[in-house]
Amino acid sequence: MAGQPKSFFLSPELHDYLIDSGSPIDEVSKWLIDQTATQVPELTRMQISPEQGSFMTLMTRALMVNKAIEIGTFTGYSSLCIARGLGPKGSLLCCDVSAEWTDIAKVAWARGGVAEKISLVLAPAIETLRGLPLIEEFDLAFIDADKESYENYYEEILLRLRPNGVIFVDNTLWSGAVLDPSNDEADTVALRAFNKKLASDNRVDVTLLTIGDGLTMARKRE
Ligand SMILES: C[S@@+](CC[C@H](N)C(=O)[O-])C[C@H]1O[C@@H](n2cnc3c(N)ncnc32)[C@H](O)[C@@H]1O
């Protein structure tokens, strides 16, 4: 079920153990993971891992999130997980550019009973973000789109995040490439710079969690 671990630092056996030690994966998530593997097999690694999905639901619930935003929706697994953690009046704004991939997401949201909590905007996410009012209204954000734009997404979201709100950022270990000085690919360089910036950003408390391919968690200071 879990497939090849995105947590490159875990053996497949330890990863299986980790999955088995968390809440069981539900049928809608299983369906979506299978659909993604069938319809876009070459891109399944874009999807967050099951343990990250459970973590996102758990954190959304524990933080009592009412208003959330996601940058990078793909076939909808992370959005399904966030939306499930929202309270009865909660909402999630999803930003992506692909109608093809998010059409799969729409089916998953309906199957998961969360479609009414989610609005999808298909446009470059930086335009969507800059078009939002400058109000500190979001409780939680998840950034998981083009890596070179992470810093811009982060800045626009931070302006619109309430104090104590949390931003999650995916792939911040980038399979370990962030540590390889010979790797000067644009995505790697951007992620390295992003991680460095956040570590010294006094507007947030930040930690890089070893979930999936690295998940940064930043809390906006009051
Ligand atoms: C890694 S995938 C997201 C995976 C998703 N969070 C999940 O768990 O299934 C990245 C997504 O970002 C979207 N994307 C890439 N560039 C974008 C941009 N400039 N604006 C909005 N979305 C973008 C892609 O279409 C893709 O669906």
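How far does a polar side-chain atom of D146 lie from a nitrogen atom of the ligand? The distance is 3.3 Å.

The model is predicted, with local features requiring pLDDT of at least 70 and side-chain atom pairs pLDDT 80 or more, while totals for chains, interfaces and linings use all residues. Residues are numbered from 1 along each chain as its sequence is written, and side-chain values use heavy atoms, without hydrogens and water.

**View 1. Residues around the ligand.** The ligand is surrounded by 19 residues (a heavy atom within 4 Å), with G72, S78, D96, A125 and D144 the closest. Twelve of the shell residues are nonpolar, four polar and three charged (nonpolar: Ala, Val, Leu, Ile, Met, Phe, Trp, Tyr, Cys and Pro; charged: Asp, Glu, Lys and Arg; polar: the others, Gly among them).

**View 2. N and O atoms at the ligand.** S78 places a polar side-chain atom 2.7 Å from a ligand nitrogen atom. At I48, a backbone N or O atom is 3.1 Å from a ligand oxygen atom. Of the 600 Å² of accessible area that the ligand has on its own, the protein covers 88% (Shrake-Rupley method, 1.4 Å probe).

**View 3. Salt bridge between D139 and R162.** The closest N and O atoms of D139 and R162 are 2.6 Å apart in this salt bridge (a side-chain nitrogen of Lys or Arg within 4 Å of a carboxyl oxygen of Asp or Glu). D139 belongs to strand β4 (residues 138–143) and R162 to strand β5 (residues 161–170), so the pair, 23 residues apart, links distant parts of the chain (strands: DSSP runs of E, at least two residues, numbered from the N terminus). The structure holds 16 salt bridges.

Note on methods. Polar contact = N/O pair within 3.5 Å; in protein donor to acceptor, adjacent residues only side chain to side chain. Helix = DSSP H or I, 4+ residues; strand = E, 2+ residues; numbered from the N terminus.
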